[in-house]
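The sequence and the structure are shown first.

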Amino acid sequence: MVTEQTVILDAAGVKRALTRIAHEILERNKGLADVVLIGIRSGGVFLADGIAKQIGIIEGDTVPLGAVDITLYRDDISGQLPHQAVGKTEIPFSLEGKKVVLVDDVLYTGRTIRAAMDALMDYGRPRCIQLAVLIDRGHRELPIRADYVGRNVPTSLKENVQVIFDSSNQPTEVVLEK
Amino acid sequence: MAEFKHKHIIALRDLSKADIELLISTAESMREVNSRDIKKVPTLRGKTIINLFYESSTRTRTSFEIAGKRLSADTVNIAPSNSSATKGETLADTALNLLAMKPDIIVMRHAVSGSHYFLAEKVSCSIINAGDGAHEHPSQGLLDMLTMKDRFGRLDGLKVAIVGDITHSRVARSNIQGLTKMGSSVFLAGPPTMVPPGVERLGNVTVCATMNEAIQDADVVMMLRIQQERQGKTLMPNAREYSRYFGLNPENIKLAKPNAMVMHPGPINRGVEMSSYVVDGDQSWILKQVENGVAVRMAMLYHVCGGELE
Amino acid sequence: MNMLIKGGRVIDPSQKIDDTLDVLVENGLIKQVGKGLQAPADAKVVDAAGKYVVPGLIDMHVHLRDPGLEYKEDIISGTRAAVSGGFTSVCCMPNTKPTIDNKAVASYIINKSQSDGFCNVFPVGSITYGLSGDRMAEMGELKESGCVAVSDDGRPVTNSELMMRSLQYAAGIGIMVISHAEELELVGEGVMNEGFTSTELGLKGIPRVAEDIATVRDIMLAEYTGTPIHIAHVSTKGSVRIIREAKARGVKVTCETAPHYFTLTDDAVRGYNTNAKMNPPLREADDLSAIKQGLQDGTIDCIATDHAPHHIDEKDVEFNVAMNGIIGLETSLPLSLNLVREGVLTLNQLIEKMSCNPSNILGLNRGSLQAGAPADITLFDLEREWTVEADKLASKSKNSPWLGQKMKGVAMATIVSGTLKFER
């Protein structure tokens, strides 16, 4: 079957979206105090890195950056054969009292975010968790909403949204597959 | 992406290099769970693990139990009072009775080599080998390899010396099977009464005439436990003489590479296979092995749960 | 009943016959072998065209498990397995319960086999009472009650003096001693051949030398006393060499091997297959070729099965716990015919080793189609293929390493004392 691909965002578009999200994060949190970014493996980690770079450019300061792997927290694990490789969770700082901005590439059912929040709670008690996504494609199955959205893309269930990264993990484009 | 398709882990001989890499990599991720305040993830919630230990082993059993609990599985320990299957209930009957309780995984230690293959034919759940006779002890092999990888960042190209009673050692066999698949070269030394025939055919394995030859320029020196009950019988004179020719001490360890690591599967006979100066010395990674045990066993439990029927 | 077996390829090494001939049987005895024989009016005519007609096969080493262990096999099921494998006579080993160490047990076996069995059964009495290894059994009475040999099969007689005296005593009586050659200290708790496979599987090995030195001892004792001895189930290259050398210097030694020792190696144990566990254990490739060499050059006189039935509960267990031994009566002929196909033996030599030689060694007065001999005759098809299936085996026990495997060659009819006991 031939899949039809439409480019929703090109590299420049992704960069503009991440820059805007960086601004919004700073604005909402009134600066960088206690803000940390945590990307969800694997796409979210690369995007969190991009947002952190923009924040650095804007503020001239670095934001603590972490990564969470949600494999061990998935709700569909027992039905999944074989089990996925487990990636590393790397949060080299305490979450106690932090304003965590969770970063993912595509927000869809919300189950990944649920798993990620459960994982974060096991690392400590953040002051709050905010959610930043590059694409919100709808079809939520859990009461979850993003605080920062790069682009809302209405999709059908048959479609698939993919953020493509190059070999150095830089986002090159976002495509809609039919 | 690497996939682990085995429903059972009975021997490292049965696993591919990719399988071993995946287990080690998952164990590295699991280790992160073990370093947190909340050392628990919900992954195996609702799964039941039976630790069926026909031979006593506080260390391995506890390690598997903790591993299961950290993955949120329910773990039950069973130590049948008779370790001999010739009296009382047969292993097959015990297994079928346990199966009626619907376990997802049976972790078994048994004195008879190959009994896990027998068990796997009888039951529908996953089987993990926690040691069978003189055959294999895959979790120990994996945790040893993880520990070596921690030290050197790789397994490929390492020179690993294994010294002691190779014939009766399931630890040695699992390490040989695993390490040779991962590109290490293994050098064995022990009294000729304790080196089994054809062992060099298991892979990149060299049998050395002396301990010094084996540990010369080694990256890893792994000492095996010498069973006290073998002393004074037909395999060796006594612990004193054994220690003289096959004991690791602050002098002969200098033959290994300066940054060599020293390992031992435990429990240690201090002063027999290893001098306390070495056990407690800078090059000793023995406690790190124990620590890595939990993470490796978490990885094994996690992956067999996702394994398909073989 | 009279019988005419027509048009088969008759091979009788005892008369150097190898031709398409008829065999006439009268009153349980061979009447005549010749061309174009006419059937008497009352004779049953058996068409043997395309089949081989040979002196009834003799398995000089089986375990019928009767009396005492009938849950594994009994005289009826064991002899039924024998005739379906083409055997007209079997010699059953004394490790029954009670042991064949007295007239009562020997007579029981002979009587039951004559009344209910399918083939001739010749008991082998024990060398020592209860196989205890410490007291000589009444060999004279055993011989008088029908035993054709003595053996403590399953165990060696560890006491060398007792073994030497037993050889002398048995020779005086005129009964053959069959040696189970095994040095128990070297066997220890071993469960398979010691070698690369045992190393990889982590199973305790049995070194070949455990068989070799026991073979040497018994041959030296026989040589010293000038008595005959038969070595059972030879499995090692060392034993073959030792027996070859002993024969060359005139020792009265004969021996047998079993089909599994020239068919399988210890690789068959992989997967912890308990149906590949036996004693002596399956050896390695160079032993296997030495066994074939020994068969070819005449060092090994006989092929016997060491048919050792065990209940599934004794085999469907962990490897160390499983009992030693496999059944063999129904697979011996096709596996042995492989030797002919491989050019190791001629068909003539094979029949010698499966019929003439065992008869001669034990004085059974069989193994021949000569006029006047008991009409024990086996008809087989050399080419017919079949699959070993547990539920089609006549033996009560199914402990064969060849289950599910294809065989080539099969017994088509088995005639015991002129009576058709089995027909396929």
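## Chain contacts and local architecture

Two pairs of chains are in contact, and of these, chains B and C share the most contacts. The model is a predicted one. Chain A and chain C do not touch, and their nearest C-alpha atoms lie 25 Å apart.

**The contact of chain B with chain A.** This contact draws 23 residues from chain B and 15 residues from chain A. On the side of chain B that touches chain A, α1 (17-34) and α10 (286-305) of chain B each supply at least two residues. The largest share of that side, seven residues, comes from α1(B). Sorted by class, the side of chain B that touches chain A has 10 nonpolar, seven polar and six charged residues.

The two helices named above also pack on each other. In general, two packed helices are described by the angle between their axes and the distance between the axes. For α1(B) and α10(B) the angle is about 120 degrees, and the axes are 8 Å apart; the two helices are therefore oblique to each other. The crossing in which α1(B) passes α10(B) is right-handed. From α1(B), the contact is made by L23(B), T26(B), A27(B), M30(B), R31(B) and N34(B), while the residues from α10(B) include V294(B), A295(B), M298(B) and Y302(B). Taken by class, the contact of α1(B) with α10(B) has 10 nonpolar, four polar and one charged residues.

Chain B holds an open sheet of five strands in the order β7-β6-β5-β8-β9, with parallel pairing. Its edge strands are β7 (205-207) and β9 (261-263) of chain B, each of which pairs on one side only. From one strand to the next, the twist averages 20 degrees. Within this sheet, strand β6 (residues 185-189) of chain B runs parallel to β7(B) and is joined to it by three bridges; L188(B) has V207(B) of β7(B) as its bridge partner.

Chain C holds an open sheet of eight strands in the order β6-β7-β8-β9-β10-β13-β14-β15, and here too the pairing is parallel. The edge strands of the chain C sheet, each pairing on one side only, are β6 (57-62) and β15 (302-303) of chain C. Strand β8 (residues 120-125) of chain C pairs with β9 (residues 149-151) of chain C in the parallel sense over two bridges, and V124(C) stands opposite A149(C) in β9(C). Helix α2 (residues 103-116) of chain C packs on the sheet, where it touches β7 (87-92) and β8 of chain C, and its direction makes about 170 degrees with that of β8(C).

| Strand pair | Sense | Bridges |
|---|---|---|
| β6(B) and β7(B) | parallel | three |
| β8(C) and β9(C) | parallel | two |
| β7(A) and β8(A) | antiparallel | six |

**A covered helix in chain C.** Helix α1 (residues 75-84) of chain C is mostly covered, with nine of its 10 residues buried. Among the buried residues are I75(C), T79(C), R80(C) and V83(C). The buried residues of α1(C) pack against β6, β7, α2, β8, β17 (406-416) and β18 (419-423) of chain C. After α1(C) comes G86(C), which has a positive phi near 95 degrees.

Strands β7 (residues 160-165) and β8 (residues 171-177) of chain A pair in the antiparallel sense over six bridges, and N160(A) has E177(A) of β8(A) as its bridge partner. The hairpin of β7(A) and β8(A) has five residues between its strands, and in this hairpin N169(A) takes a positive phi near 65 degrees.

Where in chain A is the place of G138(A)? It is in the loop between β5 (128-136) and β6 (148-152) of chain A. Because 14 C-beta neighbours lie inside 10 Å of G138(A), this residue counts as partly exposed. Leaving aside residues up to four places away in sequence, G138(A) touches P154(A) and T155(A). From C-alpha to C-alpha, G138(A) and E96(A) are 31 Å apart in space, and in sequence they are 42 residues apart.

Notes: Residues numbered from 1 in each chain as written. Chains lettered and ligands numbered in written order. Predicted model: local features only at pLDDT ≥ 70, side-chain atom pairs only at ≥ 80, totals over all residues. Contact = placed C-beta atoms within 7 Å. Helix = DSSP H or I, 4+ residues; strand = E, 2+ residues; numbered from the N terminus. Nonpolar A, V, L, I, M, F, W, Y, C, P; charged D, E, K, R; others polar. Axes fitted to C-alpha atoms, helices over the stretch in contact; angles between N-to-C directions. Parallel < 35°, antiparallel > 145°, perpendicular 65-115°, else oblique. Left-handed = near helix turned anticlockwise from the far one by under 90°. Pairing = 2+ DSSP bridges. Buried ≥ 20, exposed ≤ 12 C-beta atoms within 10 Å, placed from the backbone.
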